[in-house]
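Please look over the structure shown here with its pockets in mind, and then read the short report below it.

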Amino acid sequence: SDAVKEGQLLAEIDTPEIEQQLAQAKAQLAQADAALVQAKANKGYSKTTLERLTALAPKGVTSQQELEKAQAQSLVDDSSVEVAQANVEAQKANLGRIQQTLGFARVTAPFAGTINQRNIERGSLVSMSTPLFRLSQTDTVRVFIQIPQDVAPRVRLDAPAQVSVREFSGRTFEGKVARTAASLDATSRMMQTEIRVPNEKH
């Protein structure tokens, strides 16, 4: 068993498939960005053309048909910019999702404690359901006891409690009542109570 600190790196998982997805997502985002730049350029050109034809139409230099065509193209190009912008946002979201998934490749200790069990070795194939480690937090021991009905009304939070166990005969450990079920179990007529015992020496 090994003592570990909160946040300590326990394992790094190789994820070639996700890294490939990440590279592909970055390329797709670059394409979407380029498409947005192109759509904005087309929109600018359509707007300039429409403004020019709108000024020329009353003078008879251009036909009404050309003006209407320019108006329609301007509307299409406006919509194309909105579609391209939405595509950029979708690609950014996809990239963020993949980066977040890749973050799970680094397995860190969620709290300070002791590794009691290792279920993997270097080179092991792991999946989402593979338990990698069993980690115990033993600086405080949580003891659950059943309090009889006649004693239950006198139990109070933070009340001192003494715990003894068979493995340490003749010794008692000082703790405090941390929480109670606040009601009796209908079948056993007992109240579950949690006592926390400091265990700095583990």
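Predicted model: local features only at pLDDT ≥ 70, side-chain atom pairs only at ≥ 80, totals over all residues.

Residues are numbered from 1 along each chain as its sequence is written, and side-chain values use heavy atoms, with hydrogens and water left out.

On a 1 Å grid over the protein atoms alone, a pocket is an open set of points where a 1.4 Å probe fits, with protein on both sides within 12 Å along at least five of seven lines, and lining residues have an atom within 4 Å of a point.

| Pocket | Volume |
|---|---|
| Largest | about 980 Å³ |

Of the 27 residues that line the largest pocket, Glu12, Ile13, Asp14, Val126 and Leu132 lie nearest its centre. The second largest pocket has 14 lining residues, and those nearest its centre are Val141, Phe168, Phe173, Val197 and Asn199.

The whole structure holds 1 aromatic pair, a term for rings of Phe, Tyr and Trp (its six-membered ring) whose centres lie within 6.5 Å, with planes under 30 degrees apart counted as stacked, over 60 as edge-to-face and the rest as tilted. Phe168 and Phe173 form this edge-to-face pair, at 5.6 Å centre to centre and with 80 degrees between the planes. Phe168 counts as partly exposed because its relative accessibility is 41%, and Phe173 counts as partly exposed at 22%, where partly exposed lies between buried (under 20% relative accessible area) and exposed (over 50%), with a 1.4 Å probe and protein chains only.

Definitions and conventions: Points joined across faces, edges and corners; volume = space filled by probe spheres on them.
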